[in-house]
Amino acid sequence: MKRSLFLLASVMCAACATTTVPAQKPAAPPAAMPKATLGQWGVDLSDMDRSVKPGNNFFDYVDGTWLKTAKIPADRSSTGSFQDLAILSEKRMKALVASLAAKPYDQLTPDEKKMRDLYDAFLDQKQIDSRGLKPVKADLDYLAHLKTHRDVARAMGSIKLQIDSIYNLYIGVDDKNPDAYSVNLMQGGLGLPDRDYYLRDDKALVKTRAAYRKYLATMLAFTGDKNTKRRAGRVYALELAIAKAEWPNAERRDATKTYNPMTVPALEKYAPQFPWAVFLEKAGIP
């Protein structure tokens with residue numbers, strides 16, 4: 001919860017920074033909108049490595065050639081078609097921002113002014129640094145004064161705060177009824193990618209855990225906390241307990257095992273230790 005709060009705080013500091021209309025600069029030509037270059041619809045058979053027997057390694061058989069030739073961009077942690085789409089979207093957003101910057105401010109529509117002001121505020125590093133956590137002080141004070149489990153559950157469900165917690169709640173299409181929507185509840189609460197980062201003893205993961213605990217203490221220090229090491233240890237201990245209770249990834253991918261529709265009263269009976277009523281009420285779920 002605390003880790004996510006700091007992420008929230010950094011975004012809100014940027015978004016809430018007050019901006020003044022800058023002096024108009026000579027208009028630059030708007031950037032051309034990047035076009036998609038994903039090829040034709042269908043399956044790309046050139047990615048296959050037919051020298052591999054599918055019974056020996058089906059992944060290499062289907063994706064072996066792609067795996068040998070694909071390159072991860074220097075500013076990314078992964079690559080693939082979805083990453084390519086994300087990069088394309090970023091380029092298009094930059095082109096939109098450039099087109100707004102090319103227009104005189106007084107000629108922008110109200111919505112265009114909002115977009116340009118938000119972008120300018122996000123880049124105003126000097127003002128962001130000068131204000132620190134002041135824009136989110138009310139939220140920090142609210143979280144600091146939570147006393148009971150019901151208080152915490154209410155904060156976890158808050159649409160306004162959007163705090164990542166031990167439960168993730170979202171609306172989606174029912175997994176086994178495409179004609180209906182469902183309220184989906186799933187486990188959350190881990191700052192590291194998955195349970196293996198907490199439970200396995202690989203040298204690389206041990207090193208990652210140490211770096212993560214240092215990161216937690218650093219983030220806590222931004223609030224002026226004096227006991228960052230102790231509090232970071234408590235945050236990590238909670239995440240470790242969650243990781244121990246979590247199903248392995250293979251089980252979490254089981255479409256049948258993870259599909260457990262139930263009413264709210266049934267949920268309250270199934271897990272009575274958690275104050276579901278206030279959590280769902282604050283999330284706007286009737």
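Glu-112 lies in helix 4, helices being DSSP runs of H or I with at least four residues and strands runs of E with at least two, numbered from the N terminus. In this predicted model, local features need pLDDT of at least 70 and side-chain atom pairs count only at pLDDT 80 or more, whereas totals for chains, interfaces and linings use all residues. Residues are numbered from 1 along each chain as its sequence is written, and side-chain values use heavy atoms, with hydrogens and water left out.

Glu-112 has a relative accessible area of 19% and is therefore buried (buried means under 20% relative accessible area, exposed over 50%, and partly exposed in between, with a 1.4 Å probe and protein chains only). The side chain of Glu-112 reaches the backbone nitrogen of Thr-109 at 3.0 Å. Apart from residues up to four places away in sequence, Glu-112 touches Leu-100, Lys-103 and Gln-107, a contact being heavy atoms within 4.5 Å. Leu-100 is also one of the buried residues of helix 3, among them Ile-87, Leu-88 and Ala-95. These buried residues of helix 3 pack against helix 4 (110-123). Helix 3 covers residues 81-101, and its end C-alpha atoms are 30 Å apart, in agreement with the 30 Å that its 21 residues should span at 1.5 Å a residue; the expected span is 1.5 Å times one less than the number of residues.

A search of the whole structure finds 13 salt bridges, each defined as a side-chain nitrogen of Lys or Arg within 4 Å of a carboxyl oxygen of Asp or Glu. Arg-209, in helix 9 (residues 203-221), forms one with Asp-201, the closest N and O atoms being 3.7 Å apart. Arg-209 counts as buried because its relative accessibility is 11%, while Asp-201 is exposed at 65%. Not counting residues up to four places away in sequence, the residues touched by Arg-209 include Leu-192, Asp-196, Tyr-198 and Tyr-236.

A second salt bridge joins Asp-151 and Arg-154, with a closest N to O distance of 3.4 Å. Both residues lie in helix 7, three residues apart, or about one turn of the helix. An α-helix has 3.6 residues a turn, so residues three or four places apart point the same way. Asp-151 is partly exposed at 21% relative accessible area, as is Arg-154 at 27%. The side chains of Lys-257 and Glu-251 also meet in a salt bridge, at 2.2 Å from N to O; Lys-257 is partly exposed at 34% and Glu-251 is partly exposed at 29%. Asp-75, Arg-76 and Glu-90 are linked in a network of salt bridges.

Gln-162 is placed in the loop between helix 7 (149-156) and strand 1. Its phi is near 50°, a positive value in a residue other than glycine. Most residues other than glycine have a negative phi. Gln-162 is exposed, with a relative accessible area of 59%.

Ile-171 is in strand 1 and counts as exposed because its relative accessibility is 54%. Together with Val-173, Tyr-181 and Val-183, Ile-171 makes a nonpolar surface patch of about 430 Å². Strand 1 (167-173) and strand 2 (181-187) each supply at least two residues of this patch. Patches are made of residues with over 30% relative accessible area and no salt bridge, like charges being joined within 9 Å and nonpolar side chains (Val, Leu, Ile, Met, Phe, Trp, Tyr) within 5 Å.

Overall, the secondary structure of the chain comes to 13 helices and two strands.

Key
Accessible areas come from the Shrake-Rupley method with a 1.4 Å probe; for residues, only the protein chains shown count as cover. A polar contact is a pair of N or O atoms within 3.5 Å; within protein, one must be able to donate a hydrogen and the other to accept it, and residues adjacent in sequence count only if both atoms are side-chain atoms.
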